[in-house]
Amino acid sequence: MDFAHLLPPSWASEINAWLAEDTPSFDFAGYVVGEAEREAFLWGKGNQTAVLAGVPFFTEIFRQLECQIEWHMQEGETFEPVKHVATVRGKVRHLLLGERVALNLIARCSGIATKSKRMKDLARAYGYEGIIAGTRKTTPGFRLVEKYGMIVGGIDPHRHDLSSMIMLKDNHIWSAGTSPFLASPVRFYLNYALGSITAAVQRARSVGGFSLRLDVEVSSEAEANEAIQAGADIVMLDNMEGQELGSVARRLKEKWGGKRNFLLESSGNIAEGNLQERAINDIDILSTSAVHQSVQHIDFSLKIQVAK
């Protein structure tokens, strides 16, 4: 199984832009070293067990610079530092042109994969059987790499963009008003002022069709019931914690079991330190930005070897 087969045809053009950003004009240091053929060792370093992720991106960076790579381990495997991960061969100037771009990328992607695996493993150790997912709080222009790291780390990447799933958050609800099919001006005004989950779901369904799942963020049990009644596929219990989260989830499953098909999602402030109290099996999905925002990168270095 090759994770690279997930990537869209357009992804390689992004790497060209990264290289152009890093060398927009003259390569003064490259002039010093010239174009003798050399090989460089990629070392996985740091102080923790890590997951290797970002292999196709790293490879493509050097392919565009006319270098060849020999990988000494498979993507998705874990390693203990210090590990000789790969060997890159090519003109020394080209090795140095790709060095920093490639190291930055693989450090972040591997960091996300490592954190993702650790969160999932911890959840399973607590007896949680549901889905661990990331979020859409990704770095602009770098989403593909960060979502890729989540997948390599073994978790669900969640929706990739605004077009891949309908998610109605509080601002959508407050702004939606009432259903356009309701005629009463008074009812229209009241629903517009207060916000209507039902109206928002109806409008989203009218254009999203049958093929898109609909996720509704709620902040109370009453809102959750309205969302389920309205036909939400997923109900996100935002920032609910502790006993409240468990009690609300259990009552919703008991009330609607056999009547509606839906998943319950818990999100907001989920981290390793409080994962155990959120790992409730009445919750189907735990989504957290902790696996990709402010994640610790994995330290790699690329060392050019002395000519033999």
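Two strands pair if DSSP finds at least two bridges between them. Helices (H or I, at least four residues) and strands (E, at least two) are DSSP runs, numbered from the N terminus. This is a predicted model, in which local features need pLDDT of at least 70, side-chain atom pairs count only at pLDDT 80 or more, and totals for chains, interfaces and linings use all residues. Residues are numbered from 1 along each chain as its sequence is written, and side-chain values use heavy atoms, with hydrogens and water left out.

Strand 8 covers residues 214–218. On one side, strand 7 (residues 166–168) is parallel to strand 8, with three bridges; Met 167 has Asp 215 as its bridge partner.

Strand 9 (residues 234–238) also runs parallel to strand 8, joined by four bridges. There, Glu 217 is bridged to Met 236. Buried means under 20% relative accessible area, exposed over 50%, partly exposed in between (1.4 Å probe, protein chains only). Five of the five residues in strand 8 are buried: Leu 214, Val 216 and Val 218 on one face, Asp 215 and Glu 217 on the other.

What does the side chain of Glu 217 contact? It makes a polar contact with the side chain of Lys 169, at 2.9 Å. A polar contact here is a pair of N or O atoms within 3.5 Å; within protein, one must be able to donate a hydrogen and the other to accept it, and residues adjacent in sequence count only if both atoms are side-chain atoms. Glu 217 itself is buried, at 10% relative accessible area.
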